Amino acid sequence: MASITIDETVCKGCGLCAEACPKKVIALSEHRMNANGYFVAEKVAPQNCIGCAFCAIMCPDCAITVEK
Amino acid sequence: MKVFEKTKMLTDAHLHYCPGCTHGIVHRLVAESIEELGLQEKCVGIAPVGCAVFAYDYFNCDMQEAAHGRAPAVATGIKRTHPDSLVFVYQGDGDLASIGMAETVHAAARGENITIIFINNSIYGMTGGQMAPTTLIGQRATTCQSGRDPAVNGYPIRICELLATLDAPYYIERVSTQDVRHVLAAKKAIKKALQNQAEGKGYSFVEVLVSCPTNWHMKPVEALRFMGEECTKTFPLGVYRDKSKGEGK
């Protein structure tokens, strides 16, 4: 099964991954911040991931690893 | 099986760019292309002055910082003394199109066998959002607060078109980072530009449109939309020169 791992320490909460995801697997957290004070991207529907890596391709900070 | 992971050509340092700035994407594309070509041991990067001034911390190869705008001149020196090396220059629009215009044009006119990655975000990012040579007509900046007025500030400079008037350049293309499709196309162009150099073909230039959410005063997703809809009108994407296919002059 396809899955993604988000490195929250480097995430800046820009939301480009959530915008790129065709299956709406990712959304920005409304409550959780990282040490830099950014609301991090998190998986809201991990079961829908198809491993297309669109999120990782658009992530400017290489925070996402994709496995299939 | 890993489908996507961070390339080893990038260090573990955290990028200092603002949230949503697509500089990070271009860093990754350059790094991945070098790794895929298997040339990391021979690679020398030239870091500019501007937002990407700390690029030497991010690329896992030899790096040289150049004085403001002088990166193509430094690259010329390194490439001529070490012809076996793979020299790439990473410059922003203030660096390449403003203070470094002379070096840019003359390196292109000489047809130096180097690869130039030109980051065009149509504004001076690091210094706080001043008008750049590439600022769009009507676009606001701190030094043209009611929008760029051609009567006072002149018109944006299109570097790809300008360099395509010269005889020597081998490959000139403008790409964008507005969505996944365009990022993949940008990767292809950057890889080709590096490959051209490795094969000794000559001057290769790739202009990448990049967003600046901070100084455009937009959210990251809005900024990418603006880039796709507005920036590409002034800066049309496409190949301006490809001597391998006989395109351009």
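This is a predicted model: local features need pLDDT of at least 70, side-chain atom pairs count only at pLDDT 80 or more; totals for chains, interfaces and linings use all residues.
Which residues of helix α3 (residues 71-81) of chain B are buried?

## Helix α3 of chain B

The buried residues of this helix are B:Ala71, B:Pro72, B:Ala73, B:Val74, B:Ala75, B:Thr76 and B:Lys79.

## Chain B as a whole

Chain B contains 10 helices and 8 strands. Its radius of gyration is 17 Å, close to the 18 Å that the globule rule gives for 249 residues, so chain B is as compact as a globular protein of that length. Along the principal axes, its C-alpha trace spans about 50 × 45 × 35 Å.

Of the 249 residues in chain B, 51% count as buried. When contacts between residues at least 6 apart in sequence are considered, 67% of those in chain B join residues at least 24 apart.

## Chain A as a whole

Chain A has 2 helices and 4 strands. Read from the N terminus, its elements follow the order β-α-β-β-α-β. The radius of gyration of chain A is 11 Å, close to the 11 Å given by the globule rule for 68 residues, so this chain is as compact as a globular protein of that length.

The C-alpha atoms of chain A fill a box of roughly 30 × 20 × 20 Å along the principal axes. Buried residues account for 40% of its 68 residues. Among its contacts with a separation of 6 or more, 61% are between residues 24 or more positions apart.

## The largest nonpolar core

The largest nonpolar core comprises 96 residues. Those with the most contacts inside this core are A:Cys17, A:Cys55 and A:Met58 from chain A, together with B:Ile117 and B:Val208 from chain B.

Residues up to four places away in sequence being left out, B:Val208 touches B:Val26, B:Ile117, B:Phe118, B:Ile119, B:Asn120, B:Val175, B:Ser176, B:Thr177 and B:Ala186. One of these partners, B:Ile117, is itself listed among the core residues with the most contacts.

## A buried tryptophan

B:Trp216 lies in helix α9 (residues 213-216) of chain B. Is this residue buried or exposed? B:Trp216 counts as buried because it has 22 C-beta neighbours inside 10 Å, and the cut-off for a buried residue is 20 or more.

Apart from neighbours within four places in sequence, B:Trp216 is in contact with B:Ile123, B:Ala223 and B:Phe226. B:Trp216 and B:Gly125 are 91 residues apart in sequence, and their C-alpha atoms are 9.4 Å apart in space.

Key. Residues are numbered from 1 along each chain as its sequence is written. Chains are lettered from A and ligands numbered from 1 in the order in which they are written. A nonpolar core is a set of buried Ala, Val, Leu, Ile, Met, Phe, Trp, Tyr and Cys residues joined through C-beta atoms within 7 Å. A residue is buried if 20 or more other C-beta atoms lie within 10 Å of its own, exposed if 12 or fewer, and partly exposed in between; C-beta atoms are placed from the backbone. Two residues are in contact if their C-beta atoms, placed from the backbone, lie within 7 Å. The radius of gyration is taken over C-alpha atoms; the globule rule is 2.2 Å times the number of residues to the power 0.38.
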